[in-house]
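Okay everyone, thanks for coming. I'll take you through one protein structure today, piece by piece, and you can follow along on the screen.

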Amino acid sequence: TNAATVTYSLRTLPRQTDLSITSAPSPNVVLAGQNVTFNLTATNLGPNRTTAFKIVNTIPVGTSSFVSCTSSQGSCSGFSNGNVQIDLGLLESGATATAAVTVQATGGSGQFINQASISTILLDPHPGNNTASSFVEVVIPNSNPQTGIIGIGAGSLHSMGIRSDGYALAWGANYAGQLGDNSLTNKSIP
């Protein structure tokens with residue numbers, strides 16, 4: 001026959017494994033100056049075991065400072081350029097490894113975000129679960145707290161309190177002068 005000759009060779013597919021990471025802060029609301037720990041969980045969803053896998057945890061620069069890092073296996077490399085690298089070594093298919101990164105909230109009030117990513121030398125068919133973010137609310141303690149409050153009344157837009165000495169406090173929306181302070185200025189504290 002005059003049929004063309006077809007030559008082919010079988011190739012081995014690259015080894016792959018699906019890694020995932022989650023991050024949970026403890027606590028999720030912290031006073032400025034206090035520590036918060038980000039609990040990271042790395043999972044190998046398979047089908048192959050992996051070696052040389054690592055977590056890179058990015059700490060919010062300017063609003064926090066690195067305190068410590070521990071891991072269930074492998075080692076933490078310490079803090080450099082805003083990152084903590086955690087080398088976890090070997091992870092069997094279906095297994096998990098954990099790490100805890102502790103930082104001190106140093107910035108002002110507001111929210112800061114901690115980000116973690118996981119990677120390996122193997123092909124990951126589902127890279128969408130290779131990053132995780134945690135949100136922490138940082139609050140600044142009131143340097144002049146009210147004491148002796150014996151009653152609170154809360155409306156939908158403003159609140160009122162009364163102290164044991166009979167002094168009344170008001171805060172919230174004040175668009176119609178409802179706080180009774182001869183102004184139309186909203187107040188976030190009494």
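This is a predicted model: local features need pLDDT of at least 70, side-chain atom pairs count only at pLDDT 80 or more; totals for chains, interfaces and linings use all residues.

Leaving out its neighbours within four places in sequence, which residues is serine 64 in contact with? The list is Ile59, Val103, Gln104, Ala105, Thr106 and Phe112. Serine 64 sits in strand E5. Is serine 64 buried or exposed? With a relative accessible area of 10%, serine 64 is buried, because the cut-off for buried is under 20%. There's also a polar atom on the side chain of serine 64 that lies 2.7 Å from the backbone oxygen of proline 60.

For contrast, have a look at isoleucine 121. You'll find isoleucine 121 in the loop between E9 and strand E10, which covers 131-139. Isoleucine 121 has a relative accessible area of 63%, so this residue counts as exposed. Not counting residues up to four places away in sequence, isoleucine 121 touches Thr51 and Ala52. And if you go from the C-alpha of isoleucine 121 to the C-alpha of glycine 94, 27 residues apart along the chain, you get a separation of 17 Å.

Now, the sheets. One of them is an open sheet of six strands, in the order E2-E10-E9-E4-E7-E6, and its pairing is mixed. Which strands stand at the edges? Those are strand E2 (29-31) and E6; each has a single partner strand, so one side of each has no neighbour in the sheet. From one strand to the next, the twist averages 25°.

Let's walk through some of the pairings in that sheet. E9 and E10 run antiparallel and are joined by eight bridges. Asparagine 114 stands opposite serine 134 in E10. On to E4 and E9: these are antiparallel too, with five bridges between them. There, asparagine 57 stands opposite alanine 116 in E9. Then strand E4 (residues 50-58) is joined to strand E7 (residues 83-91) by seven bridges, and the two run antiparallel. Valine 56 has glutamine 85 as its bridge partner in E7.

How many bridges join strand E12 (residues 158-163) to E13? Five, and these two strands run antiparallel. Methionine 160 has alanine 170 as its bridge partner in E13.

Next up, aromatic rings. The count comes to two aromatic pairs. Phenylalanine 38 and phenylalanine 112 make an edge-to-face pair, at 6.3 Å centre to centre with 65° between the planes. Phenylalanine 38 is in strand E3 (residues 35-47) and phenylalanine 112 is in strand E9 (residues 110-119), so this pair ties together parts 74 residues apart in sequence. Both phenylalanine 38 and phenylalanine 112 are buried.

Then come phenylalanine 66 and phenylalanine 79. Why is that pair called stacked? Their ring centres are 5.6 Å apart and their planes are at 5°, and planes under 30 degrees apart count as stacked. Phenylalanine 66 belongs to strand E5 (residues 64-71) and phenylalanine 79 to strand E6 (residues 75-80), 13 residues apart. Phenylalanine 66 is partly exposed, at 26% relative accessible area. Phenylalanine 79 is partly exposed as well, at 40%.

Last stop: sulfur. A search of the whole structure turns up one disulfide. In case that's a new word, a disulfide is a covalent bond between the sulfur atoms of two cysteines. Which cysteines are joined? They're cysteine 69 and cysteine 76, with 2.1 Å from S to S. The torsion about the S-S bond of cysteine 69 and cysteine 76 is about -55°, so we call this disulfide left-handed. Cysteine 69 is buried, at 17% relative accessible area, whereas cysteine 76 comes out at 26% and counts as partly exposed.

Definitions and conventions
Residues are numbered from 1 along each chain as its sequence is written. Side-chain values use heavy atoms; hydrogens and water are left out. Two strands pair if DSSP finds at least two bridges between them. Helices (H or I, at least four residues) and strands (E, at least two) are DSSP runs, numbered from the N terminus. Rings of Phe, Tyr and Trp (its six-membered ring) pair if their centres lie within 6.5 Å; planes under 30 degrees apart count as stacked, over 60 as edge-to-face and the rest as tilted. Buried means under 20% relative accessible area, exposed over 50%, partly exposed in between (1.4 Å probe, protein chains only). A disulfide is a pair of cysteine sulfur atoms within 2.5 Å. A polar contact is a pair of N or O atoms within 3.5 Å; within protein, one must be able to donate a hydrogen and the other to accept it, and residues adjacent in sequence count only if both atoms are side-chain atoms. Contact means heavy atoms within 4.5 Å. Axes are lines fitted to C-alpha atoms, for helices over the stretch in contact, and angles run from 0 to 180 degrees between N-to-C directions.
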